[in-house]
Amino acid sequence: MAEIQIYGIRHHGPGSTRSLRAALNAFRPDCLLIEGPPDADDLIGLASHEGMVPPVALLVYRPDRPRDCAFFPFAAFSPEWVAMRYGIEAGASLRFIDLPHAIQLADGFGVARGESAPPDIEPHASAADAPSEEVTAVAPAAIRRDPLGELAEAAGFPDGERWWDAFIESRAGEDGDVFAAIAEAMTALREEAEPDPDDAFREEAREAHMRAAIRAASKTFERVAVICGAWHVPALLRHDARGQAGADAATLKGLPKTKVAAAWAPWSYERLATASGYRAGVLSPEWYDTLWNHGGQVSARWLSRAAALLRAEDLDASPASVIEAARLAEALAGFRGRARPSLEDLDEAARATLCFADDAPMRLIRRKLVIGERLGATPPDSSGTPVEADFAAQCKRLRLKPGADAGEITLDLRKETDLGKSHFLNRLRLLGIPWGERRQARGRGTFKEAWFLSWKPEWVVELVAASAEGGTVAEAAAGRVREHARNATRVAELSGLIATLLDADLADATGDVIQAINDRAAVSADVFDLMEALPPLAELARYGSVRSSDTAPVLAVVRGLVPRAAAGLVAACQSLDDGAAADARNRIVAVSGAVSLLEDQDLKATWQEALRALADQEHVHGRVVGRAVRLLFDDGMIAAGEAGDRLRRALSRASGAIAAAAWIEGFLENSGTVLIHGRGLLDVVDEWLGDLDPETFVELLPIVRRTFSTISAPERRAIGEALARPGGAPPGDEDGTRLFDAERATKVLPILRLLLGPEPARAAEAAIEGDAT
Amino acid sequence: MTTNGDKTAQLRRAAEDAFAEELAALRTSDGRPRPPNWQMSPQAVVTYLMGGRLPSGFEVSPKYIGDRRLMEIAVATLATDRALLLLGVPGTAKSWVSEHLAAAICGTSRLIVQGTAGTSEEAIRYGWNYALLLAKGPSREAVVSSPIMRAMNEGRIARVEELTRIPSETQDSFITVLSEKTLPIPELNEEVSAQKGFNLIATANNRDRGVNELSSALKRRFNTVVLPPPATIEAEIAIVESRVASLGRTFEIPAEPPGAAEIRRVVTIFRELREGVTADGKSKVKQPSGTLSTAEAISVVGSGLALAAHFGNGRLSAEDLVSGITGAVVKDPVQDAIVWREYLETVVKERADWKEFYRAARAGA
């Protein structure tokens, strides 16, 4: 009969790994059974490949629905990883024994027995795992995921590893048999625990499958080592109990199955960290890495690294301070009744001595020394990640061929496949795969889109890298956008991103980008940045895009931006030089346009109030003030009389020629059409010029000429003609309507009816409408 | 030094007198090892600060309401012979913590140097009794010890209040004291060596640190602990309520006690602007240049009460609070005004039950 050892481990626990390595060296098993997906058995051998650098993850997914996938991340300090490496080196047989994901990911798994648990698998993250689930996770589930960590916390240890040191390793005695102690603890714990309300059947099936695998292995091998999460130990110990084989067979009978594929993918410490939403993650991968690589003097090493990190950033961190920090950490640990400082003690000591209680350097330490930035790598020939599979499936569905010759395609966005292609190409661009390049579409119409396609084989690497961010092309692209949104500093950059998201149909990420815009806008002191972001957002909010329908969130952002821009407008317009003033003028005009577009009275009032405050400024650049007055006049907020007064005041002799020139330029530039057709403005200007005494007129003439030179020659002529007409009436005004001869016009109606359609009523209507315009 | 006999009649009693009973109970029940010259073990000091029940059943009242770990770091710092620098905005109980630490560790909180722009080196090192100096020449009797020198001689804790208000060149006197633990008296060719148990607790305001920024040489000799503003809105409201009530008694303001809703509103505004994020955590807001400490919130409510009592109808209303709040928020007439305006338009305006306050603030802005 084979000898069987069951090692209950803590996922990603370096202390646990160290004990496991010692135990394996002593036991010398010829077969290792690891809690992991049997679907990936063929890939275990690659673990010792020289191109394989942890952290890496095994991905198991459904090729038909790559979104349904499970990740099994491994770091160098993960017990499972060390067991795999040990097994390969010792030439032992290696098997994963968890319930295959061919079953766990199958449709109807678990449902058949009257349960409707979501397909969420521990101890690994499922791709669909939303971070919000993390918050609502109930205590029993947490105990299942990391029972040892929970025990540690109950004992007052913030870090499960220190508890492992203090309670498991130091009490294990000479024989080093920590695992017997764990089995005992878990047996006690499981006697108390309620069965998992959500996922009892999954757990039962998984444990049944593991027990069956142990029984199978014990028939062929001499010494069998079983490596599984501590929680499962008591259940697996029952593998040879009487009647267990029959019960397990009954549990596993008739389970649904589907086709799955598996692949290795590069992983990162950031994704391993709990902070990223991975449910069996650890709080501090880099700290665990340090614990694993440098067992003894971690405190000194960690604090020295922190000091080096601060020095690299030009912050003061002397070796003397490191010594003081180490002393404080030791004192704190002693205080709290521990033999060695935990990460928390070190963190607090570094804060008090090295960082002078400043948060910014502590964030740096946290990013680099607690979570870490290590990236893994997989051998180049081990491709086959879900993103690649999704890419292939999408190409097939959309009839795009990566290998095909370069060429141009024109898409009609009203057709579903073409729209899909456009989304797909846009998503790939976000992933750094510019397969398609947008070209100017031939022919008119917003429904047409032209792309130039040219594929490069090396882009496969980008696809593999993208799998660290999601299971499908869409998810990975959304992940990239989120990252981009996190790093963007300007609001305008983010508002551009929103349009990109709509183009790529990544509605899920829109919320994150909108949140980012709100956050940046709230703390941004750069009002012009906000103003630059506003018009494209307003346009989106008003008209949507050709493809999208839901613009409510965009509208919410705009509503937040307008008051902010209004509040800072006057201050932002102080001390502008000519170039900056022209820029500011353009932004103000654009925002005014955007605000009118939204047709929201509240927003409009807020903005006009800001414009009015700007118009009252004495020392702001004339071009800005002039335009503010003009915008208010156009909106009817300032009467013609007041506008004239302001014009007179701004161009009075005391103002100085340069300021006056700037003012009238701001007031009138690019207004040819308005002067011709809008009677009010022309009257204001005309009256002002007419009232000038000859001396002042001569003085101001160059300035006025200069401004009018921005108006094109035909427009200038039309203005002159309008002024020359009796009463100065512009063309097409009331006088024009009197020329309209109803009798002659009616004669055209029969022809129009013929042209426009058979229904007489509608044709007549159209004819009348035509007259009106 | 107290010169008048009856301690109970003092306007304010020192911590070691006011809490003498608690300190005595802690000392008797404390079985853990004590650092040399400490009156109790570090653990007992933390219990004294945070409160708790002793094995004898004696109840120790909490002195500091907040994170226990901060007090542990502070006490561990003093136990490892490093000087402690308590930083925080006004009203975060820096001096209070410093006083109680000194009282618990060495039995006296009175060895204190109050930092001001006029603090001289004599106040930190030693001065001379000039009559004696002229009559007998330089001698040990003619030396007038500073609180720091006395603390060194006796192995006790010395306190420095408002360290950053002391001129930089005077601050430097601390460097020798902290690194060499001696105080040379060159006139006598002698020096005072610190006895075991000597240490220094300094407090400083970390918001207007521009006054006299600490040199990095001095900074390195301190372990820094920042005392944060109250962690939760409920804690802060409780502090404001109790302080306003006692203010009202002291100044005999005849107004009704303020409504809980008005206090909550003031505290909410202060917290949101201080932390740069709305109470629901959903959106960020710009932060003004002022500190907006709990102490200021208390004074805003206090002056609002006075306004209501003397010029209003005796009930604290939004109008009575607006001017105080605006004054506390808008310290810089340009930048802060934008911040306040933006806050009104994007946060206050959206809150259904804040309409009255919004109107009052708009009218005042």
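1. Burial first. A residue is buried if 20 or more other C-beta atoms lie within 10 Å of its own, exposed if 12 or fewer, and partly exposed in between, with C-beta atoms placed from the backbone. This is a predicted model: local features need pLDDT of at least 70, side-chain atom pairs count only at pLDDT 80 or more, and totals for chains, interfaces and linings use all residues. Residues are numbered from 1 along each chain as its sequence is written, while chains are lettered from A and ligands numbered from 1 in the order in which they are written.

2. Chain A overall. Chain A holds 38 helices and ten strands (DSSP runs, H or I of at least four residues and E of at least two, numbered from the N terminus). Of its 773 residues, 44% count as buried.

3. Helix α8(A). The end C-alpha atoms of helix α8 of chain A (residues 178-192) are 22 Å apart.

4. A:Val178, A:Phe179, A:Ile182 and A:Met186 are the buried residues of α8(A). They cover an arc of only 85 degrees around the axis, so they lie on the same side of α8(A) (the arc is that of the directions from the helix axis to the C-beta atoms). Exposed on the other side are A:Glu184, A:Ala188, A:Glu191 and A:Glu192.

5. Chain B against chain A. In contact are 29 residues of chain B and 25 residues of chain A (C-beta atoms, placed from the backbone, within 7 Å). On the side of chain B that touches chain A, α4(B) gives the most, with six residues.

Notes. The expected span of a helix is 1.5 Å times one less than its number of residues. Two residues are in contact if their C-beta atoms, placed from the backbone, lie within 7 Å.
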